[in-house]
Amino acid sequence: MTIQTMLALLAQSFTLTLAIFCLTLLGSLPLGLLVYFGKKSRFAPLRWLINMYISIMRGTPLMLQLMVVYYGPNLLLGITLPGNWRFTAVLVAFIINYAAYFAEIYRGGIESIPAGQYEAAAVLGYGSGKTFFRIILPQMVKRVVPPVTNEVITLVKDTSLASVIGIMEMFTRAKQIAVAPHSPGMLAFASAAVFYYVFNYLVAFLMSRLEKALDYYR
Amino acid sequence: MNILSMQNIRKSFADNEILKGISLSVDSGEVVSIIGPSGSGKSTLLRCATFLEMIDSGEICYMGKCAARTEAGGKAVYVPPRQLRAFRSCCGLVFQQFNLFPHYSVLKNLTDAPVQVLGCSREEAEARAMELLGKMGIADKAASYPCQLSGGQQQRVAIARALAMKPEILFFDEPTSALDPELTGEVLKVIRQLAEEKMTMVVVTHEMPFARAVSNRVIFMADGGIVEQGDPLAVFDDPQEERTRQFLRVFDR
Ligand SMILES: Nc1ncnc2c1ncn2[C@@H]1O[C@H](COP(=O)(O)OP(=O)(O)OP(=O)(O)O)[C@@H](O)[C@H]1O
Ligand SMILES: [Mg+2]
């Protein structure tokens, strides 16, 4: 296998890595907010449920969660799943896992906003919806950019865990190339590492731009 | 005309009774100063008047309409939330810590609530905001963000923000306590100007010369009740209660 072929194969599988990454963020960033609302709900059973969910998501390996989501419906419930379930399962597992972390990050951000902001809004006659979406949420976003950046960078690397259920993202492909006959061997892993590193460099750069863009107020 | 009437207000936090049946009535155009030692319940009284805290018993009425009154069981009952909003918008509160919205420009701080809460048009709200900023002497700061302003300027924005809602009455909770002495003057000046325009105001303050010069009435509070009240000159120069004398002596140095 030539190096060009190897790089082409890696680049091709990287699109799947990228898709997992983007779709996970697209799903988990908003879902995290819903989870936060659930955690703050006045309905106690919902609060317990959400707390249990967050604690399981944070307390067990993501790799295991991926396997449960992928194999679980069939093994536990006997459901036959469609052929494209593999990719869906990856997204479901990643989204519900990351949403749990984002919910906790949002909570930290929201709880760090001084009570005076709520009081000023209340005295001005804002209802609770407007107080949250106009006053609290924008300030929360600014406060959570650094911890969210950490999670996003972790996610880039975590996409490789999808390999455990055999989805052909970049890490799975690199493993496959490395063991193929006449393969470039370790070079496959080294190249994949470069892909991850450059991608993460880009992600970190974009997030720092976002942080700067929100620097117009304190 | 009577703007605010609070009768026999009781308020406890856990087992700790902070307001012990206090009554406060304010007429249109009146400027009332409230003085008193720390922990006497001054802030709590303002927070009850502006519905940030709910009273346990008593009666709160604005312009003859009751927002809360004690029913037969002895517990205060508030009007439904929708009606309570209308009461909220007839009173403004200026905080010690300003509590401006940091993510909004000065102009947006002044226009957001009128647009979002009162349903004013943006043009209308902006015109009024610019007028108020001009009056506060900070028209040039409309595009700035709160963090770019001095404390005195921030507090003047906060006063303008409260006025933008066209309140019937404005409460101030130690509006200058977070400010350096040289910035205190500029804030007191705008409050004095509002007093001249007959804005109805209740000011909790430790600025005795200001209370004496600007208010129509001074209330000395201690221990969740009113110890003495009356004409500022009478209260300051000839206090009737030992408690008042004792308190004022500290400021006479
Ligand atoms: N949310 C609360 N929970 C429990 N106790 C409270 C609460 N708010 C106020 N208190 C208590 O009520 C008492 C009166 O507080 P308040 O802030 O009304 O006093 P104050 O007269 O404004 O004092 P200061 O001059 O220091 O501002 C204090 O002892 C305070 O600890
Ligand atoms: Mg106070």
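Trainee: Which residues lie nearest the centre of the largest cavity?

Mentor: Keep in mind that this is a predicted model. A:V123 and A:L124 lie nearest the centre, along with B:G92, B:L93 and B:A162. They belong to a lining of 14 residues.

Trainee: Which elements give two or more residues to that lining?

Mentor: From chain A, helix 5 (115–123). From chain B, strand 7 (91–94) and helix 5 (151–163).

Trainee: How many of the lining residues are nonpolar, and how many charged?

Mentor: Ten are nonpolar and two are charged, with two polar ones besides.

Trainee: And how much space lies in there?

Mentor: About 100 Å³. A search of the whole structure finds one cavity of 30 Å³ or more.

Trainee: Switching to the interface. How much area do chain B and chain A bury between them?

Mentor: About 2,100 Å², with 60% of it on carbon and sulfur atoms. B:F101, B:H103 and B:Q116 supply 28% of what chain B buries against chain A, more than any other three residues.

Trainee: How many residues of each chain are in contact?

Mentor: 23 from chain B and 19 from chain A.

Trainee: What about salt bridges across the interface, how many are there?

Mentor: The rule finds two. B:D112 and A:R134 meet in a salt bridge through their side chains, at 2.5 Å from N to O. There are also ten residue pairs in polar contact across the interface.

Trainee: Which element of chain B gives the most to the side that touches chain A?

Mentor: Helix 3, with five residues. By class, that side of chain B has 13 nonpolar, four polar and six charged residues.

Definitions and conventions
Residues numbered from 1 in each chain as written. Chains lettered and ligands numbered in written order. Predicted model: local features only at pLDDT ≥ 70, side-chain atom pairs only at ≥ 80, totals over all residues. Heavy atoms only, no water. 1 Å grid on protein atoms, 1.4 Å probe; cavity = no way out; pocket = protein on both sides within 12 Å on 5 of 7 lines; lining within 4 Å. Points joined across faces, edges and corners; volume = space filled by probe spheres on them. Helix = DSSP H or I, 4+ residues; strand = E, 2+ residues; numbered from the N terminus. Nonpolar A, V, L, I, M, F, W, Y, C, P; charged D, E, K, R; others polar. Contact = heavy atoms within 4.5 Å. Buried area = accessible area lost by both parts, 1.4 Å probe. Salt bridge = Lys/Arg side-chain N within 4 Å of Asp/Glu carboxyl O. Polar contact = N/O pair within 3.5 Å; in protein donor to acceptor, adjacent residues only side chain to side chain.
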